[in-house]
Amino acid sequence: MGASSSSLLDESKISYIRGRTEAELKNFSPHYRRQSCVAFFCHLKDEVEQHRAGQAQLLKQKEPLQASEVLYTDNVLYFDDNRKWRERFVVVRADYSLELHDNQESYTKGTPARHKLLPTGGTVLTLEEKYTAFVDKAFPDPNGSKEEPSVPVVAVPAPFPVYLSLPYRRDSYFCFQQEEKRACFVSILNDCIRHQNQDYLKSMECEVQAFLKAIHFYRQEKGHYESWDMLVGTDCQVLANLVMEELLPSLQTELLPKLKGKKPERKRVWFVTVEATYELVHEQLREGLESLKNECREATKQQEALIRSDMDQIINSQTFLETKLQALVSEPAVKYCSESVAPYLTSILEELMGPISAGFQAMRLLLEDELTRICKDFPQGGVTDELQSALQQLGRDRMEDCYQHVNVLKEQLQELHNRFKFSNSTRVVHGTQSQMQQLMENAVHTFELLLQSALKDKPDKQASVTEKAKLRVLKQFDYDSSTIRKKIFQEALVDITLPAIKRNLAPACKTELQNFEQFVFADYTNFVQVENVYENILLNLLNNEVNKVVKEAASLKKNNLFADSTDLQCVSQSSLADSRTPPLSAPSSPPRRPASVTLSLQAEQKITSRSGGSVSEDTPQIHDASVIPTVTITVSSPESVEPASPLHVSETTQPDVPPTSPIPEVSETDVSSTKPETTSTAEDSSASQPETPSMTAKDEVTEGSSVSTDRAVYLNSTAEETLVSPVIASETLHLEADEESEGASPPKSEVEEECVHVVQPDVNTEVLPDVCVEDNAVDNKACEGAPSSDEDRNETQDGPALDASPPLDSVPEGPAGVAVVLTSEPGNQSGAESTDSPEETADSVQAIRDLIMEVIEVEDTVRPCTENKP
């Protein structure tokens, strides 16, 4: 290369560099061979067990762009190899590489670029003073403090320069006449650095995962446990950084004393020498690493048959080894973690949450402003090319302002260096900013999909459809923002504290690990590595502590984090003309029909066996045994009970319990999608009955039940907006005792997409106490606010039904659930008067009480409430 002509490298130095590079690759190869087999086994194991990586999110993700697609073009002033400023046509591709063409015409003709920059590990600066200080810090000149301040590296011809500093490579300089153009270029340049740093290493391919583990253990072998700030770029670039880290001290000792001349000239020669060294190392490693990877590919192919045939035995061997290692690791690890790590997790999390949450909040405001602007600028005309172009540019130019909130972490996390020796704050910042960029792109893509889908059905109502799409996207954005931030917090806390645990335990445990190899069957030693199992134990231990801290932070509303719902399977693609999103179904599949549940059927069986009522079921059964119901029982006092009161059960579970008795036929009727009124009856005779408080209560319960089909619970955490918190299996059971058991036969209610069961529990001699059992994911206010006695009667007559769901016109759109409603009316279903004796009525009450206690015991066993935990 031309840069090496003026470097200090002669033949002896070149031979020395090649020898050191070959030695490093040779020492690294055994680690890579071992981890290659382990990674391949883990890949096949996940394939067999059908593991699905990642957590469900609401917003749709756009397919990645082709690497050749263009993200940015502009004419800029560039300082070329001849040390002269030339106007170049800059093109940024979707692989986040920069191409420098002579002009736009040559680019249009397809002429290859004059230069191609990969800004891996780069730093962008826009002030000459900061760049000069940055360069002086990178130049290890022992005489630098004794000389005059450094002169500018280059004289810029325009008022708005951009300095791109690259590790071990030549820096690049750009210049602009307008500040707006510079801001746009800096934004895209920072995007290129983040993606070049992380995209390759985030891949889940076997070779990438094997390489990361190998680098990890290779550095630990040399005593480096901390997070490494040069773990950026491709595998060859990372390995070259590692070799350069080993080479530079010896080069400084030998070559720096030979530098002559003034400081600018010495700096120039030194950086040219470093660049020439890096090119030699990188070229040699590229060939050697490719040969090593081909060797490992062949080895793993030969072992695939053994892995697939002995999968269970290999897993059992790994489990047995883990059990043995637990006895060695658990006690010292738990002790150190509880004394030196866990007490600091909360304070570290507070440091992380402030800047990161501020960045995400700024991004949400930006998204809302941009979507509002689009709604005003494109009120009619469909999804035109102009609208698509506006969506592509949505927020791109202003995202840099949101990123600035997160950049504060670079300074705040420096204080962790003394206790945990953590110095890689750039990784946390870049990882967070990449997640922010992806979230914004997902929101824009989802907005476009919703518009396209809705405008096919209502092409003449673009204004209302666009506004509705904006609101839905914002709600889904809120949930995904919470999910992503919790993941960022968890990964950052582990990245900061795990090296300290491993460093502390290494003197006592590392030397003992070799003794545990005897517990692995000889044929499986390639797939079960003691060091991997050992670190997994430490990681699981730390994850337990980290998850506690993050969950505690999520319980505080000030942090704007939602409760966990890992079983949620949400869809964001649905018709905007519908007020609800089909639950647990693909975007193109129809919504589920409501089905009966075990709890309601058991209640019907126990009640009707004594009261003489009959219940039938004609809806299909859907297996869903994984959902634990949340039960709320509200019973008013005898003094406040009206002649008839509803028995309302709203549930989302659908176990496979066959129906045992018939139920009145349920027909469909139209219900208002914005504010449902009282339901119409199926028999004309019911129209002549006078309206009673019990009928009013029934109507109001039916109104609430039409709302309860929404699966997402939306919490008003701020005064300005409503955030969505999807909740799985939130179910309420309202039971109210009747004073009188006589009356006319109940009318048949007709509610769209709901099943109404009519049951008569003759309860007139005993009153059940109020009981509230809530799931952790449900707001406790739903139980605490349930009125009883006179308040219960007043709200039944005058107010809305006692339901946790808000009125339908105020319900935000999100993942919806299904509901099954049981209503109780005075009298027998057959129209005959009840003849139950007091003893039979008491038995009915006891049956209900026994049933509820069974549900409470099951829930406390499977997933106990907070107040029931010891």
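Predicted model: local features only at pLDDT ≥ 70, side-chain atom pairs only at ≥ 80, totals over all residues.

Visitor: What about contacts between residues at least 6 apart in sequence? What share joins residues at least 24 apart?

Guide: For those contacts, the share is 81%.

Visitor: Let's do helices. How do H5 and H6 sit relative to each other?

Guide: H5 covers residues 206-221 and H6 covers residues 235-255. Their axes come within 11 Å and cross at roughly 10 degrees. Angles under 35 degrees count as roughly parallel, so H5 is roughly parallel to H6.

Visitor: Which residues meet there?

Guide: From H5, they are Phe211, Ile215, Tyr218 and Arg219. From H6, they are Asp235, Val238, Leu239, Leu242 and Glu245.

Visitor: What classes of residue is that contact made of?

Guide: The contact of H5 with H6 has 6 nonpolar residues and 3 charged ones. No polar residues take part.

Visitor: Arg219 is in that list. Which residue does Arg219 meet in a salt bridge?

Guide: Its partner is Glu226, at 3.9 Å from N to O.

Visitor: New topic: H3. Which of its residues are buried?

Guide: H3 runs over residues 128-138, and its buried residues are Tyr131, Thr132 and Val135.

Visitor: Why do they count as being on the same side of H3?

Guide: They cover an arc of only 100 degrees around the axis, which puts them on the same side of H3. An α-helix has 3.6 residues a turn, so residues three or four places apart point the same way.

Visitor: What covers the buried residues of H3?

Guide: The cover includes strand E5 (123-125), E6, E7 and H7.

Visitor: And what sits on the face turned away from the buried side?

Guide: That face of H3 carries the exposed residues Glu129, Lys130 and Lys137.

Visitor: Back to salt bridges. How many are in the whole structure?

Guide: A search finds 32. One of them joins Arg33 and Glu295, at 2.8 Å from N to O.

Visitor: What parts does that pair tie together?

Guide: Arg33 lies in helix H1 (residues 11-49) and Glu295 in helix H7 (residues 263-309), so the pair ties together parts that are 262 residues apart in sequence. Arg33 is partly exposed at 34% relative accessibility. Glu295 is partly exposed too, at 40%.

Visitor: What about Asp81? Which residue is it bridged to?

Guide: Asp81 forms a salt bridge with Arg170, with the closest N and O atoms 2.9 Å apart. Asp81 is in the loop between strand E1 (70-79) and strand E2 (85-93), while Arg170 is in the loop between strand E6 (160-165) and strand E7 (172-176). The pair ties together parts 89 residues apart in sequence.

Visitor: Are those two buried or partly exposed?

Guide: Both are partly exposed. Asp81 has a relative accessible area of 48%, and Arg170 has 40%.

Visitor: Last one. Which residues are linked in a network of salt bridges?

Guide: Asp80, Arg86, Arg88, Asp102 and Arg114 are.

How values were computed: Residues numbered from 1 in each chain as written. Heavy atoms only, no water. Axes fitted to C-alpha atoms, helices over the stretch in contact; angles between N-to-C directions. Helix = DSSP H or I, 4+ residues; strand = E, 2+ residues; numbered from the N terminus. Parallel < 35°, antiparallel > 145°, perpendicular 65-115°, else oblique. Contact = heavy atoms within 4.5 Å. Nonpolar A, V, L, I, M, F, W, Y, C, P; charged D, E, K, R; others polar. Salt bridge = Lys/Arg side-chain N within 4 Å of Asp/Glu carboxyl O. Buried < 20%, exposed > 50% of the residue type's maximum accessible area, 1.4 Å probe, protein only. Arc of directions from axis to C-beta.
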